[in-house]
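Good morning, and thank you for coming. Please look at the sequence and the structure on the screen while I speak.

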Amino acid sequence: MSGGPHAAAVTPSIERDRRAMGRALELAARGLETTHPNPRVGCVILKGDRVIGEGWHEWAGEAHAEVAALRAARAGGAAEALAGATAYVTLEPCSHQGRTPPCADALIEARMGRVVFAMQDPDPRVSGRGAERLRRAGIEVESGLMEHEAAELNVGYIKRLRARRPWVRVKLAASLDGRTALASGASRWITGEDARLDVQHWRARSSAVLTGIGTILADDPRLDVRLPGERVRQPTRVVLDRRLRTPVDARVNGGPGEVWIFTDSEDVERRRALEAKGVRVERLERDCPDPAGDTLDLRRVLARLAEADVNELHVEAGATLAGALVHARLADELLLYVAPILLGPQARPLVDLPQLLDLRDASRWHIVETRLVGADLRIRLRPH
């Protein structure tokens, strides 16, 4: 921490700081479904105990949260009050020129007295540099306030930059006895309309939605986002299709947004037919070919998606692919909807996993949230 020429006008208060950062987090959450591939960020500017500006990052390529808050302050007639004020930001202000100028420079130009940010930006172009630039300008800088809450807003952004793969969220819908479909495969609809609408928002916040060829052939899903509004961002739809069996007229291939198929097939004719529909087809050779299997190298798929700036990956797939992700410890979160019905032992299981010989080898999860969605129970779980 370092003091500056305008810092004397600011009297820090832990309670006030937490209120202001809490509000900044609320603002950041407004960008949950729109900021891809950028992080969700909010900003509140206080002069004493008075809020003089608020803003959040709404869309990639548009104003960042700090700039939006500064504009709001100036538009509200508080331009002169910015000198010596405190900015609360949910992520370290950026210090590099991207599609927009550095936010650190905007705060310096406004002669802020103090900047409090929740967490350091994991982007190596920014990490620590934004804070240092502010300190060199004589601005008091503090970090770490409500860091956990800020990180929760950007789990995918953090995962991609630190682990070089997306945050993998596997959506599942099951009966009380853990079944996902009848033995015949019929599964429409286990959950109610409210739960299905809720899933649309989880799709919308994701950079990409992934499924396997089995789901494509059985259900012919669209996998797009169907929500009201003029500006609805469509996530990339990703299909794992080892033998390139996706029908050219599959519903997933229609509508707005990119479609990306991963395969190891050498069928040039099939590939050209799909590409003529605007589908991106990428061949991933398998290190250890399994003629009987349908699963590609999941780690390579995730690495490629991270290279394409996919932060959160929403998976809607059958028991085989869901089980493969869980077994490989690649599932960061389960989004489980439990319907108050019973389907019986002949119905299909939630996930396919290898047989266990010892209970100590079981895949263990802890519950991070439970919520009623209509008549169904939504449970979010993360691995121990």
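Predicted model: local features only at pLDDT ≥ 70, side-chain atom pairs only at ≥ 80, totals over all residues.

Strand S1, residues 42-47, and strand S3, residues 86-89, pair in the antiparallel sense, and four bridges join them. To find one of these positions, please locate isoleucine 45, whose bridge partner in S3 is alanine 87.

In what order do its five strands stand? The order is S2-S1-S3-S4-S5, in an open sheet with mixed pairing. Strand S2, residues 50-56, and strand S5, residues 140-143, are at the edges. Each of these two has a single partner strand, so one side of each is left without a neighbour in the sheet. From one strand to the next, the twist averages 15°.

Two helices lie across strands of this sheet. Helix H2, residues 65-75, lies across S1, S2 and S3, and runs at about 135° to S2.

I now turn to a residue within H1. Aspartate 17 belongs to this helix, which covers residues 14-29. Is aspartate 17 buried or exposed? Its relative accessible area is 7%, and because buried means under 20%, aspartate 17 counts as buried. Leaving aside residues up to four places away in sequence, aspartate 17 touches Tyr88, Arg114 and Leu145. With arginine 114 there is also a polar contact, side chain to side chain, of 2.6 Å.

Aspartate 177 is placed in the loop between strand S6, residues 167-174, and strand S7, residues 179-181. Its relative accessibility is 30%, so aspartate 177 counts as partly exposed.

Which residues does aspartate 177 touch, not counting those up to four places away in sequence? They are Ile341, Leu342, Leu343 and Gly344. At glycine 344, the side chain of aspartate 177 reaches the backbone nitrogen at 2.8 Å. The side chain of aspartate 177 also makes a polar contact with the side chain of serine 175, at 2.4 Å.

Finally, please compare a separation in sequence with a distance in space. Aspartate 177 and leucine 350 are 173 residues apart in sequence, and their C-alpha atoms are 9.4 Å apart in space.

Notes. Residues numbered from 1 in each chain as written. Heavy atoms only, no water. Buried < 20%, exposed > 50% of the residue type's maximum accessible area, 1.4 Å probe, protein only. Polar contact = N/O pair within 3.5 Å; in protein donor to acceptor, adjacent residues only side chain to side chain. Contact = heavy atoms within 4.5 Å. Pairing = 2+ DSSP bridges. Axes fitted to C-alpha atoms, helices over the stretch in contact; angles between N-to-C directions.
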